[in-house]
Amino acid sequence: MAALRRLSLSSIPPLRRIVSRSFSSASNDDQTLLTIETSVPFTGHNIDPPSRSVETTPKELLTFFHDMSLMRRMEIAADSLYKAKLIRGFCHLYDGQEAVSIGMEAAITKRDAIITAYRDHCIFLGRGGTLLEAFAELMGRRAGCSKGKGGSMHFYRKETNFYGGHGIVGAQVPLGCGIAFGQKYCKDETVTFTMYGDGAANQGQLFEALNMSALWDLPVILVCENNHYGMGTAEWRAAKSPAYYKRGDYVPGLKVDGMDVLAVKQACKFAKEHVLKNGPMILEMDTYRYHGHSMSDPGSTYRTRDEISGVRQERDPIERVRKLILSHELSTASELKDIEKEVRKEVDDAIAQAKETPMPDPSELFTNVYVKGLGVEAFGADRKELKSVLP
Ligand SMILES: Cc1ncc(C[n+]2csc(CCOP(=O)(O)OP(=O)(O)O)c2C)c(N)n1
Ligand SMILES: [Mg+2]
């Protein structure tokens, strides 16, 4: 119950309010400009927050609805495949947190880089990865985005600057700062979003990397996805100050409703502009994971079912967009149902296809382990007995 109080769900209104519509026409024109107010104001640390008024279009809102529904469906299907033992090993699902990925992508380009932890399936999809590549990877197939050798925690997409998929809590933060160093060095005018959880936010390496990033004005945005738990530990048990947007001290921060896709878009746009000129910034996304930490966690022993259903009812990111679309007659309820049906089919088709793809060849066991030409010999623990020579 203490955890529920700290989430202060009742203070968050269920839907943002439309403040103006640029064209008086009530048509569903795809490009009609809408200005929508975020669900709650942004809170800034060492910085004036951006405006709550966010520009969007009917087309963008429908795309958000489709894309978040697709992510949700993919994760639900992954849950079933795991229970059917078609996915093995670790598996961390992202349902509930979809607005963070989708809002972020709406604000940046694929030349910008993203790096995240192990809850990475939807980030991969947001970067332009396909459902087939995702399901094939989850099932250890050759057609997977990491050739079936990474599994759930190690999705990558080089073409669109997605640097993974990392299993060591917090370790991706210094890597992300390093990518930003490269971007600045090459004068790319691009930025890196390095994502981590509230649990990772207490790690020492994060502060070391942030210090260097601030010294060198690196174009890096630290995105803390605060889903309020690190495994079974509530944030208030793990962090003396769970105001993660303030934890950069001398680095500016912004607290964002991470269940409001438009707020995420606004914040990421603002942050990108800021870091290109001034160096790092922290964005704390207030979000929630519906599933347990991983497949071995039912997710209901350290939090109440009421808490979970309360978030679903009051803050669900997809329902927010559905209500917005319906209340402004941008589409009908049955059209939205049709989109959801389509999404189910897209997911089912991808799973069926992924199941047909072959497993990696056994020789693949030795590829992509070392940089080519390095580490060609593998020794036993005593370094005396030569076990094998890698290709
Ligand atoms: C260095 C390290 N310590 C511990 C773990 C075990 N571990 C895996 S996930 C996790 C919780 C992290 O929580 P958070 O950062 O809030 O991310 P979330 O799972 O909520 O997305 C822990 C402790 C690990 N993988 N790496
Ligand atoms: Mg967490």
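In this structure, which is a predicted model, residue I221 stands opposite M281 in strand β11.

Strand β11 itself comprises residues 281-286, and six of its six residues are buried. In a regular strand, side chains alternate between the two faces of the sheet. In β11, M281, L283 and M285 lie on one side and I282, E284 and D286 on the other, and both faces are covered. The term buried is used here for a relative accessible area under 20%.

Strand β11 has a further parallel partner in strand β10, residues 253-257, to which it is joined by five bridges. Here V256 stands opposite M285 of β11.

Attention now turns to the helices. Two packed helices are described by the angle between their axes and by the distance between those axes. Helix α2, residues 58-83, and helix α5, residues 131-138, pack at an angle of about 25 degrees, with their axes 11 Å apart. Because angles under 35 degrees count as roughly parallel, α2 is roughly parallel to α5. The crossing of these two helices is right-handed. On the side of α2 the contact is made by L70, M74, A77, A78 and L81, and on the side of α5 by L131, A134, F135 and L138. By class, this contact of α2 with α5 consists of nine nonpolar residues, with no polar and no charged ones.

Helix α2 also meets helix α3, residues 98-107. The axes of α2 and α3 come within 10 Å and cross at roughly 140 degrees, which means that α2 is oblique to α3. This crossing, too, is described as right-handed. From α2 the contact draws on E60, F64, D67, M68, M71 and R72, and from α3 on E98, A99, S101, I102 and A106. What classes of residue make up the contact of α2 with α3? It has six nonpolar, one polar and four charged residues.

Two loop residues complete the account. Most residues other than glycine have a negative phi. K85, which lies in the loop between α2 and α3, has a positive phi near 65 degrees. Is K85 buried or exposed? Its relative accessibility is 56%, and therefore K85 counts as exposed. D217 lies in the loop between α7 (204-215) and β7, and its phi is likewise positive, near 50 degrees. The relative accessibility of D217 is 36%, so D217 counts as partly exposed.

Technical notes: Residues numbered from 1 in each chain as written. Chains lettered and ligands numbered in written order. Predicted model: local features only at pLDDT ≥ 70, side-chain atom pairs only at ≥ 80, totals over all residues. Heavy atoms only, no water. Axes fitted to C-alpha atoms, helices over the stretch in contact; angles between N-to-C directions. Helix = DSSP H or I, 4+ residues; strand = E, 2+ residues; numbered from the N terminus. Parallel < 35°, antiparallel > 145°, perpendicular 65-115°, else oblique. Left-handed = near helix turned anticlockwise from the far one by under 90°. Contact = heavy atoms within 4.5 Å. Nonpolar A, V, L, I, M, F, W, Y, C, P; charged D, E, K, R; others polar. Buried < 20%, exposed > 50% of the residue type's maximum accessible area, 1.4 Å probe, protein only. Pairing = 2+ DSSP bridges.
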